[in-house]
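The following account is intended to be read beside the sequence and the coordinates. It moves from the overall fold to single residues.

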Amino acid sequence: MYIHLGGEKVVSSRELVAIFDISIEKSSKISKQFVENMLGTKKMVQISEEEPKSIVVTEQTVYYSPISSATLKKRCSTYQEF
């Protein structure tokens, strides 16, 4: 399955590692270091010019998404069979 992250970006659910609320970037030293490291390696992509609401981690890239982490989670759950 594929998940729409906002703008024109769609990723395979198999690539998905984690989805975080953007507030984690400010509240945790480790997550802040992670984001800074990804920015340094050019593996961080801002999907649109809208205010980012979530951070989506895939196997290859980290995305700033304008869609909330709750909405992205619902999109993922919609396609998962339990």
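Helices (H or I, at least four residues) and strands (E, at least two) are here DSSP runs, numbered from the N terminus. The structure is a predicted model, in which local features need pLDDT of at least 70 and side-chain atom pairs count only at pLDDT 80 or more, while totals for chains, interfaces and linings use all residues. Residues are numbered from 1 along each chain as its sequence is written, and side-chain values use heavy atoms, with hydrogens and water left out.

The protein chain contains three helices and six strands. Read from the N terminus, these elements follow the order β-β-β-α-α-β-β-β-α. Confidence is expressed as pLDDT, the predictor's value for each residue from 0 to 100. Its mean over the protein chain is 86, and 94% of the residues reach 70 or more. Among the elements, strand 6 has the highest mean pLDDT (93), whereas helix 3 (residues 69–79) has the lowest (82).

The C-alpha trace spans about 35 × 25 × 25 Å along its principal axes. The radius of gyration is taken over C-alpha atoms, and the globule rule is 2.2 Å times the number of residues to the power 0.38. Because the protein chain has 82 residues, a compact globule would have a radius near 12 Å, and the value of 12 Å for this chain agrees. Burial is judged by relative accessible area: buried means under 20%, exposed over 50%, and partly exposed in between (1.4 Å probe, protein chains only). By this criterion, 37% of the 82 residues count as buried. Contact means heavy atoms within 4.5 Å. Among contacts between residues at least 6 apart in sequence, 48% join residues at least 24 apart.

Two strands are said to pair if DSSP finds at least two bridges between them. Strand 1 (residues 2–6) is joined by four bridges to strand 2 (residues 9–12), and the two run antiparallel. Tyrosine 2 has serine 12 of strand 2 as its bridge partner. The two strands form a hairpin with two residues between them, and glycine 7 in the turn has a positive phi of about 55°. Isoleucine 3 belongs to strand 1 and counts as buried because its relative accessibility is 3%. Beyond four places in sequence, isoleucine 3 touches Lys9, Val10, Val11, Ser13, Leu16, Leu72, Arg75 and Cys76. One of these partners, leucine 72, is 69 residues away along the chain, with the two C-alpha atoms separated by 7.8 Å.

Strand 3 (residues 16–21) contains phenylalanine 20. What is the state of phenylalanine 20 at 32% relative accessibility? Phenylalanine 20 counts as partly exposed because of that value. Its contacts, apart from neighbours within four places, are Ser54, Ile55, Val57 and Ser69.

Helix 1 (residues 24–27) holds glutamate 25. A salt bridge requires a side-chain nitrogen of Lys or Arg within 4 Å of a carboxyl oxygen of Asp or Glu. Glutamate 25 is buried yet has no salt bridge, and the nearest side chain of opposite charge, lysine 26, is 4.9 Å away; in this count Lys and Arg are positive and Asp and Glu negative, with His and the chain ends not counted. Leaving out residues up to four places away, glutamate 25 touches Ser31, Lys32, Val35, Ile55 and Tyr64.

Strand 4 (residues 44–46) runs parallel to strand 6 and is joined to it by three bridges, with glutamine 46 opposite tyrosine 64. Strand 5 (residues 54–58) pairs with strand 6 in the antiparallel sense over four bridges, and valine 56 has tyrosine 63 as its bridge partner.

A hairpin through three residues joins strand 5 to strand 6. Threonine 61 lies in the loop between strand 5 and strand 6 but counts as buried because its relative accessibility is 17%. Outside four places in sequence, threonine 61 touches Lys43, Val45 and Val56.
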